[in-house]
Amino acid sequence: MSALLALRGVTVAFGGLVAVDDVTFDVEEGSITGLIGPNGAGKSTVFNAVNGVYRPRTGSILFDGRDIVGMPSQRIARLGIARAHQVVRPLTDLSVLDNVTVGACFGRDALGLVAGRRRAAGVLEQLGLADRASQPAGSLNVAQKKRLELARAVAAGPRLLLADEVLAGLNPHEVEEMLGVFATIRAAGVTILMIEHLMQAVMHLSDKVVVLDYGRLIAVGTPAEVQADPAVIEAYLGDPHAAERLLADEP
Amino acid sequence: MRATLHGLHGLPRPFLPVLLLIVAVVAALPLVTGNPSLREELFFMLLLVTLATSVNVITGYTGYVSFGHIVFFGLGGYGAFWSMQVLGVHFLVAAALGVIPAVLVAVIVGGAVLRLRGAYFALATLGILEATKAFMTNFEPAGGAVGLSFNFSVYANYGGAKSAAEMAYVFMALVALGAITASYLVRHSKFGLALMTIREDQDAAVILGIDPARTKVAAFVISAVFPALAGAAFFFKNGIIEPGSAFDLTRSIESLVIVVLGGIGTVAGPVIGAAAYEWLRGFLITNPALASFQLTIAGVLLLVVVLFATSGLVGVIRSRVPRARGWLE
Amino acid sequence: MRGMRITAAVAAAVLVLAACGSGTTSGPKTLKIGFTASQTGAQELTSKRQVEGIKLWADQVAKAGGIKLKDGTVLTPQLVSYDDESKTDRVQALYTKLINDDKVDFLLSPYSSGLIKAAAVVGEQNGKIMVTAGGADDATMEQGFTSIYQLYTPGSKYLTGAIDLMLAMDPTVKTIAIVNEKDAFSTGVAAAAKPYAESKGLTVVLNEGYDSGTTDFAPLVNKIAAAAPDAILGGGHFQDGQTFAKAVFDKQVAARFVALLVAPPEPTFSAIGAAALGIVGPSQWEQSVKYDATTAAAAGATWYGPAVADFVTAYQTAYGAAPSYHSVGGYAAGLVLEKAIEDAGSIDAAAVRKALDALNLMTLFGQTQFSTDTKTHGKQTAHQMVYVQWQAAGDGLASQVVWPVAVRTAPILPRQ
Amino acid sequence: MSSLVVRGLEAGYGGVPVLWGVDLDLRDGLLTTLVGSNGSGKTTFLRSVMGLIRPWRGSVSLDGLDVTRLSAHEKADLGLVLVPEGRQLFTTMTVLENLEMGATVRRARPLMRASLDEVFTMFPRLAERRGQQALTLSGGEQQMLAIARGLMAKPSILLLDEPSLGLSPRVTMEMFTTIRALRRAGLTIVLVEQNVQLSLAIADHAYVLAHGRVELSGPAREIREMPAVRAAYLGASSAE
Amino acid sequence: MNLGALLPSAIDGLLLGCVYGLAAMGLTLIFGVTRVVNLAHGPVIAMGMFVVLAVASGAGLNPYIGVLLAAVVGLAAGVVIYVVAVDRVINAPELTTLLATFAVNLIIIGTATTLLTTSPRAVDVDLGALRAGNVTVMGTHVVAVVIAVAAAGALYAFLFRTRLGKSVRAVAADRAAAELMGINSRRMLALAFGLGTALAMTAGALLATMFSFNVLSGGTYETKSFVIVVLGGLGNPTGALIGGLVIGLLEGVTAVVIPVSWVPVIEYAVFVLILLVRPRGLLGSRQ
């Protein structure tokens, strides 16, 4: 497997605040890669750097071997990078179908309206939203919105899907369903980089897990390797010793 | 075309042809009955329809509040008037030439100010309007403060003043129909989808692969063309053009009021809004008890619509008459 | 309120008509006269005065039993009017309505050049005769109209007369500044004044327009002060004229002669106190000017209508205020139309047009004669401007007619 | 004595439910922590308790008084003070002004001088920077200021939303030490945190929230030992 | 071109700029706190003028009592405008609040035109003049500057020295956080609208002591305020005052070298240019 996406020494800073600090990792073509880390670790910033919302201060981001740093977001989207946001951003006043059609019409395949609608309808079918097609997107519930967000990204026909906490806020049954959806997407040959808090899911789905903490890369490896890494445990649950110390401090 | 556009929405409804037919039939009334005063009233109504429909493209579909939209009406009017007077071309040619300065301003100035968002954009359009007006007041080749006026004999080329007025009317009606059609096509195209995506969430639009800068400028240009043509017809009929009447801020705001009154972001909204607005104005002006307070009453009504009926008349009709929903876009 | 008054007037006219209706067999007819009034917008105030003049004329004619034609027909004027909101596009729609729906026989004009221009196009399109008051624009009357008749002295003569007056007062005046509001009317007036001044050997040291909304004249007046002209000519409308005069006074600009458009004839111009002193202004009409049968004979014109004093009294009674020239303009428009109809002996457009073309009339408004040249048809050729100057009178100020010499109430004084 | 009783609280955004009926009883003088994954409804819970968003159903009572329908500023007046997620400082104002604004409520105004001394003793760095614009503070200092501002209101109950968000481990530790000190001083606190380990370590009582419902509640010590909690946050128990 | 007018025009411009700045401060304060561009700004300025007229010509009192009264009336009027027209749509998109305040504009203008007509008015205030060489400074202008600066100073003292003023600033900075601190944010928004309106009416009142005016006169100053506010940075009161001086100076000085009628062209071109190059204004660096 070759790297579809490669980050090389990427640093993103806002003024004096370094949000992503010298991060390097690969996402292999056809894989599912998990990107984890506590809140504020810089995961979403990495996504924003990849799809051109933020420009890294240093480093390069190679997509299919081509450096995409400095490219406007819409061009990056057309190269085949689609994103499902953590905070769902449906186009509230538009119908569910239109929301997904936007993905199809302006993504990698840049379909015409008619073909776009057809593709969108297909994706909605696939993601189990077909019966909601003509509803305004604003009327969907959280789970449906998450699904819509994913559908819109998938409809673009991307090579790489950036999935930002798509499972957050779903109930176990919905998570189960969504896992199936991911499998389908992957089977269609789409590479997935996902930010996820729901560990079972990440560990279950991912071929590789990348862990960030305070903007730095602290671990890369298979799910099993990462879960056993003390640095990861500390980053995630907080330093257990720190907790011990705090408790020990108790008079 | 329509059927495929609607293919996934259920049964296709001939909304556009019906709307166009209604407007066309109404517009044809004064020609059939030969009633010039009805013609004058409808000329004005069709002008309002055109202005409101056009500003709706940039404000309703794209979410950019353009306060100075009337600048295109004035530029089109000046361009056409100057062409007729100095180049001596026929009105139809002149109207086409009048579109040029409007489109140029839309592309060059629009391209720059469309980067601004929210109140900043609204204020910038206001600045552009005032700057253009102040400039034209001083620009002697276009008559400066005095403006330009025809010698009455010009109308002889069009079979006399009466038939010139009729021609201007027919032209105005066609422009209005064109604006409605354009509005509909934009609403139902990939391009329109991009506009509405920008309106809902510009940052998301970029990530979805939409180039907001180019898309917005294109929308601005479309929303500039029809007012420019309307300006050509209006000032041709008027026989005089001067900065004050060509770049009138009040008229600019009037068209926004119509859009909101009718239903922002809908195809039928500006048309219904213009009709309602004109009816209301006529009612207020002819009612002696209300006439002197017409501005006050207009303000109160606008406030009521803005505060309590945000989706305008189209919204009200759609919520009251569910069956109308598919027919009113 | 005004709307109600007009309605009342119309109602009164209708009542009068109804009362006469049962009389003679040849039948009193209604003479429908249409115009628009600016009940809102920029022209509201002046339009109101003009409408009052028109109304007074119509009331008086009705009271006097109507216009009696040679064939025994009696015409009672009925006024039809709408609010044009001071907007040109409204004017066009409403004049079309007056002509086609209300089927008026004749048209009078709205107030102000801009609105008249728009109304004239419609009147001309429909071949309706329109007598205009309240508009002095030259360009409008050079458009090749056949049915539009202008009562006011054209604007091009506003300041040329002032230049004559100035040189008569003080032949040593050499340098002048011409500053005017940047609107169609004032720009036109100033444009005519410049070549005339130069033809009289004057040097124009400053010639500038100012924006219509200007309230702060300090930069312009500083500039004038720096150019130090002997005289200042210009202005625009009332408010800017008044503010400008005050600024010239405050900044102690030492011009010997200052003539401004529109503002000085207004009684409220003196609200600026000493700043008004010495300011000259052209006026279409002043109460103190006596036009009568004698002046008519001297000018070779026919005297027609009431005496100035009678009109002033009637106006005072009706509206509780002194008439301004706007009011007289409106009144005279009715009068001129009345006379032309009488001369024509019918309301046939061609006949009335012929009568108007032939008219050489002196009324309380002054002399009236229309150009019959095809290029300038209908333009006023005989009406004379009068010039007023604010002069000290006891503790206060009084506006005196200073020009033409024949009708003046006081000699012109140089500005201090 | 302060008590906060929440019964059957339902709330959400734009017609989408987030909370499905949450019950909570606050114990006076204790530190209660609310943990749960992102999107489980913790922040929504605090916001609807405060009245920043209108609860759909359910009730909130403070010291036996039904305050469900009161707006946030009225609740603040009654002593219920939220230190919001993301700090929400008045960035254009100075540190001192931020603190003064904290003492807006009637109860706190006369005590402002004393409160200022207290918080400056507690956070000496804020005292050093009292004249600086809040915008110019570091992340840790900003969080301190947010808490200090909340304390200025002399709360009877302090609600803390993710105070360690975006802070370095060292500063996080300081923060928790501070919170524990507040608790020891007798303040009633509700702590919403992503740092489960630390918050359970200093809390007396804990609620675990999932999908807008309370999944578990009990003494923090017990919850901390439950494998289910570990599983919820770190995936499989195989990690041991 | 005669440069003899340069100094007097620069001085005149700066003096008048203070009053422009005061009006603009009102607009920018309202925007800064409520995020609403108040399209009723012009009519409000005109209301200030008529308060002076009523006091001076109507009641025959000192016109400067009218200036004081204008501030008081403005505060009340602003609160009323906020409660009636703005409060309900305070969180709605711009177009909504723009049209809501424009509706207020129509209501004020419509009512005032009917009741007061559009006739020009003037309040004759003669405080003499200071003269030195070719520079003449009118007493009314000096007093206007003093009052404008005092009003601006009072605003600053209020915003930075009083608890209530700081609460207004807190609401401007973060409405929700202010609410959490026990600040009644709606009340502060209404107060900000009142203060902004009071400033605009005070400016209008001062203008009435210098120039003639009518019901519609506010329009010119409204557009000028927009220019100034953008120049100084939307929402920045200091910026507005300095922007006022800049515009006043620009008007005075450019008129010396180019025809006065071109001054508005320059003014609006600068306005659009600043929006494009530095939308935060020349002084705006807040975000």
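1. Leu160(D) has Leu191(D), in strand S8(D), as its bridge partner. Strands of a sheet pair through backbone hydrogen bonds, either parallel or antiparallel.

2. Now widen the view. S7 and S8 sit in an open sheet of six strands in chain D. Read across the sheet, the order is S6-S7-S8-S3-S9-S10, and the pairing is mixed. Which strands of chain D stand at the edges? They are S6 (80-83) and S10 (213-219). Each has a single partner strand, so one side of each is left without a neighbour in the sheet. On average, neighbouring strands are turned by 15° against each other, direction ignored.

3. Helix H7 (residues 169-184) of chain D lies across strand S3 (31-35), S7 and S8 of chain D. The angle between H7 and S8(D) is about 155°.

4. How far can chain D be trusted? Its mean pLDDT is 87, and 93% of its residues reach 70 or more. Confidence in chain D is highest in S6(D), at 95. It is lowest in helix H10 (residues 227-234) of chain D, at a mean of 66. Over residues 235-240 of chain D the pLDDT is below 50, and this stretch has eight contacts in the model beyond near neighbours in sequence. Where pLDDT is low, the predicted coordinates should not be read in detail.

5. Move to chain C and its strand S15 (residues 386-393). Is S15(C) largely enclosed or left open? Six of its eight residues are buried, so the strand is largely enclosed by the rest of the structure. Four bridges join S15(C) to strand S11 (residues 279-283) of chain C, and the two run antiparallel. Ser283(C) stands opposite Val386(C) there.

6. S15(C) also pairs with strand S16 (residues 396-403) of chain C, through seven bridges, again antiparallel. Trp390(C) stands opposite Ser399(C). S15(C) and S16(C) form a hairpin with two residues between them. In the turn, Gly394(C) has a positive phi of about 60°.

7. Next, the nonpolar cores. The largest has 355 residues. Which of its members touch the most others? They are Ile176(C), Phe257(C), Trp285(C) and Phe45(D). Leaving out residues up to four places away in sequence, Ile176(C) touches residues including Met166(C), Leu202(C), Val205(C), Pro229(C) and Leu233(C). A second, separate core of 54 residues includes Val83(D), Ala127(D), Ile147(D) and Ile223(D). In soluble globular proteins, nonpolar side chains tend to be buried together.

8. Look at one residue of chain E. Thr113(E) is found in helix H4 (residues 94-116) of chain E. Buried or exposed? Thr113(E) counts as buried because its relative accessibility is 7%, with the limit for buried set at under 20%. Beyond neighbours within four places in sequence, Thr113(E) is in contact with Glu44(C), Thr118(E) and Val215(E).

9. Last, the assembly. Six pairs of chains touch, and the most contacts are between chains B and E. Chains B and D do not touch; their nearest C-alpha atoms are 16 Å apart. For chains C and D, which do not touch either, that distance is 37 Å. The predictor gives the complex an ipTM of 0.85 and a pTM of 0.87.

Notes: Residues are numbered from 1 along each chain as its sequence is written. Chains are lettered from A and ligands numbered from 1 in the order in which they are written. This is a predicted model: local features need pLDDT of at least 70, side-chain atom pairs count only at pLDDT 80 or more; totals for chains, interfaces and linings use all residues. Side-chain values use heavy atoms; hydrogens and water are left out. A nonpolar core is a set of buried Ala, Val, Leu, Ile, Met, Phe, Trp, Tyr and Cys residues joined through side-chain atoms within 4.5 Å. Buried means under 20% relative accessible area, exposed over 50%, partly exposed in between (1.4 Å probe, protein chains only). Contact means heavy atoms within 4.5 Å. Two strands pair if DSSP finds at least two bridges between them. Axes are lines fitted to C-alpha atoms, for helices over the stretch in contact, and angles run from 0 to 180 degrees between N-to-C directions. pLDDT is the predictor's confidence in each residue, from 0 to 100.
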